[in-house]
Amino acid sequence: MAKTQFATRVEDEQAMMFKSITTRLGTTPADALRMFVSAFNEAGGFPFDVRVARTPKVEAFDSEADATRFASDLALETAR
């Protein structure tokens, strides 16, 4: 079976993130692209929504009292 090589350029940051995520998913960038092409063709378009969990945006508390109240409430909630 003949094979075609695809090549594209992406920003360095995007490439590093892609490599990191594929590693965390237990695969390689090349295998992830092959899986995508196969699934894309089978579905006739974008086939699925697969992601690793992203760290939510964290904002600082307005005051130490707010932080203490949050920690206390969380401790009480987890103790239930």
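Start by colouring this predicted model by pLDDT. Among the elements, helix 1 has the highest mean pLDDT, 95, while helix 3 (residues 64–79) has the lowest, 84. Across the protein the average is 88, and 96% of the residues score at least 70.

Now switch to cartoon view. You'll find three helices and zero strands, running α-α-α from the N terminus. The radius of gyration is 21 Å, well over the 12 Å that the globule rule gives for 80 residues, so the protein is more spread out than a compact globule. Along the principal axes, the C-alpha atoms fill a box of roughly 65 × 30 × 20 Å.

Buried residues are 6% of the 80.

Which residues lie nearest the centre of the largest pocket? Select Phe 18, Pro 29, Ala 32, Leu 33 and Phe 36; they belong to a lining of 35 residues. Helix 1 (12–24) and helix 2 (29–43) are the elements that give two or more residues to that lining. The pocket's volume is about 1500 Å³. Colour the lining by class and you get 21 nonpolar, six polar and eight charged residues.

Last stop: Phe 6, in the segment before helix 1. Is Phe 6 buried or exposed? Its relative accessibility is 70%, so Phe 6 counts as exposed.

Methods:
Residues numbered from 1 in each chain as written. Predicted model: local features only at pLDDT ≥ 70, side-chain atom pairs only at ≥ 80, totals over all residues. Heavy atoms only, no water. 1 Å grid on protein atoms, 1.4 Å probe; cavity = no way out; pocket = protein on both sides within 12 Å on 5 of 7 lines; lining within 4 Å. Points joined across faces, edges and corners; volume = space filled by probe spheres on them. Helix = DSSP H or I, 4+ residues; strand = E, 2+ residues; numbered from the N terminus. Nonpolar A, V, L, I, M, F, W, Y, C, P; charged D, E, K, R; others polar. pLDDT = per-residue confidence, 0-100. Buried < 20%, exposed > 50% of the residue type's maximum accessible area, 1.4 Å probe, protein only. Rg over C-alpha atoms; globule rule 2.2 N^0.38 Å.
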